[in-house]
Amino acid sequence: MSLVQIDHLCRSFGGVHAVRDLSLNFDAGQIMGFIGPNGAGKSTSMRILATLDLPSSGDCRVAGLSTVDDADAVRRLIGFMPDGGEPYPHMTVWEYLDFFARAYDLGPVKGRQAVEGVMDFCQLDGISGKLASTLSKGMRQRLSLGRCLIHDPQVLILDEPSAGLDPRARIEFRDLLKALTGRGKAVLISSHILSELDELCDRVAIIEQGRLVAHGTVEDVKSQARQARDVAPGPDRQRLVDLRLAEDRAEWERTLAEQPGVRIERCDRRSATVRLEGGDADQARLAKALMDRGLPLCHCAARADGLEDVFMHLTDGAVQ
Amino acid sequence: MMNPLLIRTLRQEVRNRAFLGIYLALLAAGALTSAVVAASNDGERPGQILFVILSLASTGALWFYQPLTAYRAMAREREDDTWDLMELTGMSPGRIARGIVATSLVQGLFILAALAPFLAVAYLLRGVDAVTLVIFLAGALAGALSLGALATLLGCMGKTKATRTGLVSLLTIALLLLWMISWPIWIEVTRRSGIAGAIASNPLGGWLVVATTLWHILLAGGLCLILAMTLMTHRAGDRSRLPRIAVLVVAIDILLLLGGIAWFEILTSVRGYGSDVLDEAAGTAGMLVMAWIAITGFFTITEDEHVSLRQMRVIEQARGWRRPLTWILGPGAARGRVFFLAASLLAWIPAFISWQGTDSEPFQVTALIFGYAGLFLGLGDALTRTIAARWITTPLARRATLFGLVAGTTLLTSLLSIMIDDSWPMMFNPIMGSASPTIHHQDSVPFAWCAIVALVGGGMGTLWLVIGAFRSWIPRPRQTLASTEDRNPRGDG
């Protein structure tokens, strides 16, 4: 059994089905990316997993414990970072973490050690006396992560932790998460910055209108998307192809434009990127056609799909 | 270990200018008032004026400002995302509620500390005697504690902005009225010989009244805290035990209070009161307790038949002396029904004592109240668990149905009584739910009618409740699921 298991989870609000039959799982040391458009049901699923809401049917389990029937035990095992949680006013960084150490009933010695450990890990040492409300967004997110870690949970549930962070803060935050998986933590993270999840995650789940569209390792999901696209009819069956010539040719853009099923995305005298309708055979046909026209083609390769491509392909942006 | 909420709030308040401002303003106002009163010295006891001013200021701060602060603290905790974070820490609802009230009380103590030197001045100027001063301080703090608990309870209740606004408006008006009503008390205690004078003339009675008053102020606060804790308890958790204990505590309190009054009358009477006073007190206690158990029965019998796995663990994992306690305090409708029947014993016993004494009427009224409670609770239980079970699925809906049943029957029979000939109301009065137990006092309605309805209907209702308890005695666990009527707290999925 996986450390975190979501089984046939459903949640409705009145007539709106926020989550429909969602099932996924991930293990210790893994980062699971949770991707979906706004209103897809990510936050609702995360809140149920964090014991803060009840499912309409189905269940979530952490280390085999139900988030409904064993909520108290599960809360000891998870750290949750909601989207938009602000620290208390008039409290310093140290006091904020100390409050949560006391709230988790860690005891005076263990609590102090936990606060010091978390401040060290999240690099908050230099600002321990600063008022939490005066911190930058990046520092506040680090503080929130520190709060999540204060009781040393096995599972971290992070709802859009990178939202509003500048690139440096985002990279630093990503490094912290990588370090956490090195410590054996399981992380469920939602984000709209898909390139970041592409680099960070071991597994991803794509959700739309409450339904799971794809899930598995990042490579599996990309491959699923690629296969789906290759068998899809018409314009859905597209790929980005990078082309490069051995020498400059001013006239080749016109030649490219004449090829059937090709839409030029970018083109200069020696290289181009085109969107090609079709699969491998069509790509080979394009290469042959260009060489037949006397162009010294030295590179013709389909671009590897990123999560953004997969996401765009698998979802249609519908909201409920 | 100190309550984390208390530590957190104290740390925050140290940096909060509003609180420090109020503290310093009270200090300055106290100093100025003391100086003016001491300088004027035209009355016989200038300290009286000073004490009245200080008592108004301190009760204003403790009974008006502090409860509102507690309400805001609780409402803010519940409103913000921070509530989620606090819930996740696993802090028990009791610890959270106690933390909020303790914070409010400590803030109150700070305010009293600011005024304490000037109260001492009032005492030195002979505006107040030491006993009155001590009782005043104890009363002010007990009041602050209870009002803080009430505010905490209200702070838990508001789910939408509209309800929160409504609740805070109600609380503000109620606190303001309470504070204004208390003014004459403080003026009165300084005008004569104070509370100390009353106590000196009757020490035992005086101290008993003071102690009983303080106890009931604190008891009211305790009940509010229990309700707040229950509201904050996870839907799958045990939300039955504490309220039922509170029901029992109130019932026992009624018995002790009336017993205590009777005992005191016997002890201090010069007219030679005897057991008839005790019988009368027992009879009254029996009626009051039965009415209380009947009202709270609305809540205990309407719980869900099914229990969550967590609730089942409460029943199954109880060992030793705790196990029999779960038979009445355990979660679920089966134990709720047994609780109603068992708790009614607290009324039957004094009623029986009264019956054995000089007057049988209180016993008859107690029996009637039980009969009518049994009739309506049994009928409501049968209706909501069988015919209407498909539509009435939640405890709240069951309670509303029961209330509607009682109110509807009363209204209908009352209307019929008005519409039909004067001789006919007698026919309908016995089934006028809430009114009937008292109506038989009127000569026009034969007691036998009420007795028949109560005996037959109440007996059948009680039997239904007993059968229902047996049928679902072995808990059937079921996963606690969300209500489809819930509002999405985030709105964006």
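Author: One definition to begin with: buried means under 20% relative accessible area, exposed over 50%, and partly exposed in between (1.4 Å probe, protein chains only). This is a predicted model, where local features need pLDDT of at least 70, side-chain atom pairs count only at pLDDT 80 or more, and totals for chains, interfaces and linings use all residues. Residues are numbered from 1 along each chain as its sequence is written, chains are lettered from A and ligands numbered from 1 in the order in which they are written, and side-chain values use heavy atoms, leaving out hydrogens and water.

Reader: Then which class does B:Trp355 fall in, buried or exposed or partly exposed?
Author: B:Trp355 has a relative accessible area of 41%, so B:Trp355 is partly exposed.

Reader: What ring does B:Trp355 pair with?
Author: With the ring of B:Phe352: the centres are 5.9 Å apart and the planes at 70°, so this pair is edge-to-face. Rings of Phe, Tyr and Trp (its six-membered ring) pair if their centres lie within 6.5 Å; planes under 30 degrees apart count as stacked, over 60 as edge-to-face and the rest as tilted.

Reader: Where are B:Phe352 and B:Trp355 in the chain?
Author: In helix α15 of chain B, 3 residues apart, which means about one helical turn between them. Helices (H or I, at least four residues) and strands (E, at least two) are DSSP runs, numbered from the N terminus.

Reader: How many aromatic pairs are there over all chains?
Author: The count comes to 12. In one of them, B:Trp348 and B:Phe370 have ring centres 5.2 Å apart and planes at 65°, so they are edge-to-face. That pair links distant parts of the chain, with B:Trp348 in helix α15 (residues 345-356) and B:Phe370 in helix α16 (residues 361-387) of chain B, 22 residues apart.

Reader: Is B:Phe370 buried or exposed?
Author: Buried, because its relative accessibility is 13%. B:Trp348, at 21%, counts as partly exposed.

Reader: Which residues form the aromatic cluster?
Author: B:Phe340, B:Trp348, B:Phe352, B:Trp355, B:Phe363 and B:Phe370 form one cluster.

Reader: New topic. Where does B:Met180 lie?
Author: B:Met180 is in helix α7 (residues 161-191) of chain B. With a relative accessible area of 41%, B:Met180 is partly exposed.

Reader: And what about B:Glu265, where is its place?
Author: Helix α10 (residues 241-268) of chain B holds B:Glu265. At 34% relative accessibility, B:Glu265 is also classed as partly exposed.
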